Amino acid sequence: MNRSIKKVAVLGSGIMGSRIACHFANIGVEVLLLDIVPREPNAAEQAKGLTLQHPAVRNRIVNESWQNTLKASPAALYSSKFASRVKLGNFDDNLADIKNYDWIIEVIVERLDIKKSLFEKVDALRKPGTLITSNTSGIPIHLMSEGRSDDFQKHFCGTHFFNPPRYLRLLEIITGPQTDPAVLDFLMHYGDLFLGKTTVLCKDTPGFIANRLGIYAMVQTIRVAEEMGLTVEEVDKLTSTVVGRPKSGTFRLSDVVGLDTSVHVANNLYASGEGKDESREGFVLPSSMQKLYDNKWLGDKSGQGFYKKTKDEVSKTVILALDLKTFEYKPSQSKIKFATLESTKMIDDLKKRFGVLLAGTDKAAEFYRRTFTDGFKYASFRIPEISDELYRIDQAICTGFGWEMGLFETWDAIGVKKMNSIMESLNARPAAWVYEMLEAGHETFYKVENGKKLYYDILSKTYKAIPGQEAFIILENKSQNKIWSNAGASIYDLGDGIAGVEFHSKMNTFGAEVIEGLNKAYAVAEKDFRGLVIGNDSTEAFSAGANLAMLFMFAIEQEYDEINMMIAQFQQSMIRARYSSIPVVGAPHSLALGGGCELNMHVDKVVGHAETYMGLVEVGVGLIPAGGGTKEMAARCSDMYQTGDPELNILQAAFMNIAQAKVSTSAQEAIEMNYIKADRDQIVLNRSRLIAEAKQAAIELAENGYTQPKPRTDIKVQGKTGIALFKAGVASMRMANYISDHDAKIADKLAYVICGGDLSYPQLVSEQYLLDLEREAFLSLTGEKKTLERIQGLLTGGKPPRN
């Protein structure tokens, strides 16, 4: 069957249902979102004389859920404009409409009887061949499909999204007893390509994969914390970014998710584990979890959990943390220190960090030894119960809970034999197959051969390639294709005549080594290749902009000639992306700020991840964009003047985005801000596909007869007319004390450059003319004391002062 998805019906408009609806709207699908009809009008509706027959009453539940979702932060939609793609209704009046939809997703309350009742109605209304799936987080798939028609069961399975669906990449596909394999194949492919998910095929076992491992790890971490007398803040520090996990840590994550959700899953896993799970007792709630649950201190949704927000005497927000011994709240401690953590501060490579963390002699190291041992042991015994392949376990835990490295990947990084010794010393031996693997001479769970990542297959006792890699390019696996590198960048042969350059400085910021690497990449690509891709595998940033340390040093010493030369070199490195003799493709993702934004504004094509947060943020540190960013926005505004909109209105929008250091909340918003071009550039949903898609774009540009462009001389600028408009606005903002004197000075400099300087009337200018204005304005601001204070604040880890 040649199946396509144009219309999706989501049954249930709660937190998950509404957000799943949003994510389908994000990719251009028409969505029907339904929920139950209220039992009766509420007081406000009765006061208006509305009855249960009025549409506003009948749709109240779905309307309120939808509005709450639209207001939520972080946003569920890539753009607020996409809300129009979702139609709201209720089960009584609109359920029959599902016959016109290609995929029906159930997201109602986690009760089997209620789900089965709804599926009975759906079975009678859906057209044959329609996909029908459940977003259940743990109810067995086979129980939900009992008694349904053959066609229903053939097209039914579990599709478990993780909250928030837009941001968490995991989509668990759980097979039912009669599910057509073609349906599973379709959903695995669709989830990957169109929804941007890591699709993981799961068995119909309790908790599937991610929750089974993730909730076990959370409950056991809290238990160990209680036994060791560690504080909430200490554990959150130990279980956050230092081990490649979300900065929220364990307890803060519980508050965000909602303790009731975790307790519900843990209790279900305990109940279902009798006689099947050797570590079933690990799901018994620690005393602090049980007491919080009994008190209904569920986290953010109830106003307090392991943490609590309050106000002090001057109405300033204060974060309190729960004392696990006294169960009283006290001011949260932000500075947590352990000798073991201090010893890893200079280790940027996560893989190298684990050995140091486990080798310490303090409480932190003991905590790691106990929790890692328990987690590894549990994961080893879940094969083949929940998965036949270990890579699926790692994929699920990483993309469902935001870990940088999975359990078996972490075990490899420590060393399997070394970790086994630690586990044995704690009387916690892993499953027998781990020892069998080592005895056969296989010392790792994973290895890389010929650019492909292989996993140890327990059944065949051999290594096999992880399926689906042909669609991805993972630079970490391409070490044999590295053709040049320095401390800040590496150049790779990506194959098919395309080179790739990757930055690997801290946050991929532009320093001397990165600039050297970028220019080397241009030269190598122009000589030996037919295209260049600029991208990386970082989970943090494409590039957070310029490394300001060198600039700060020169500014303090008033070495303005050095600064001028440095800016000129930076400008040339940016614009060479456009004026190279071969096509250059940028592959931005996550943070693309300052210079990271400017570089992508100059490439021949952007192939960006949907979650790209892009902006010209230099004003935040007292400067203006001077890597061609201000020039490029003037040029892009000039190109838009033909649309018929007032020219100054177009220019003002660009000016405000820069002046406010606004950052897009998605690639779609970056299009709306004119940083990414809708008619030229490409948005990719799946982060893992990004570099491969960028490579393909470079191939297409080369094969379509790429011609090196010439520098522009036709950029229309507004001159004094525009400057006068912006200066008036800046003066008003200053008079109202919305901005400081220094902010006003920066804004005036920005207005001068983006309007083309002190020209008597609107006229055409060249790119180089605008680049010179940029450089002059930037140079003048580096001599300002307030700018230097802001840069110093940023470099020392604080927020730049706004003065």
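This is a predicted model: local features need pLDDT of at least 70, side-chain atom pairs count only at pLDDT 80 or more; totals for chains, interfaces and linings use all residues.
Local features here need pLDDT of at least 70 and side-chain atom pairs pLDDT 80 or more, while totals for chains, interfaces and linings use all residues. Residues are numbered from 1 along each chain as its sequence is written, and side-chain values use heavy atoms, with hydrogens and water left out.

Me: Is Leu118 buried or exposed?
Reply: Leu118 sits in helix 6 (residues 112-125) and touches Leu11, Phe91, Leu95, Glu106 and Ile108, leaving aside residues up to four places away in sequence. Contact means heavy atoms within 4.5 Å. Buried means under 20% relative accessible area, exposed over 50%, and partly exposed in between (1.4 Å probe, protein chains only). Leu118 has a relative accessible area of 6%, so Leu118 is buried.

Me: How is helix 17 oriented to helix 20?
Reply: Axes are lines fitted to C-alpha atoms, for helices over the stretch in contact, with angles from 0 to 180 degrees between N-to-C directions. Under 35 degrees counts as roughly parallel, over 145 as roughly antiparallel, 65 to 115 as roughly perpendicular and the rest as oblique. The axes of helix 17 (residues 363-381) and helix 20 (residues 416-425) come within 10 Å and cross at roughly 105°. That makes the pair roughly perpendicular.

Me: Which residues of helix 20 make the contact with helix 17?
Reply: On the helix 17 side, the contact uses Arg369, Phe372, Thr373, Phe376 and Lys377. From helix 20 come Met419, Ile422 and Met423.

Me: Which residue in the turn between strand 16 and strand 17 has a positive phi?
Reply: Two strands pair if DSSP finds at least two bridges between them. Strand 16 (residues 489-495) and strand 17 (residues 498-503) run antiparallel, joined by six bridges, and Ser490 stands opposite Glu502. The two strands form a hairpin with two residues between them, and the turn residue with a positive phi, about 60°, is Asp496.

How values were computed: Helices (H or I, at least four residues) and strands (E, at least two) are DSSP runs, numbered from the N terminus.
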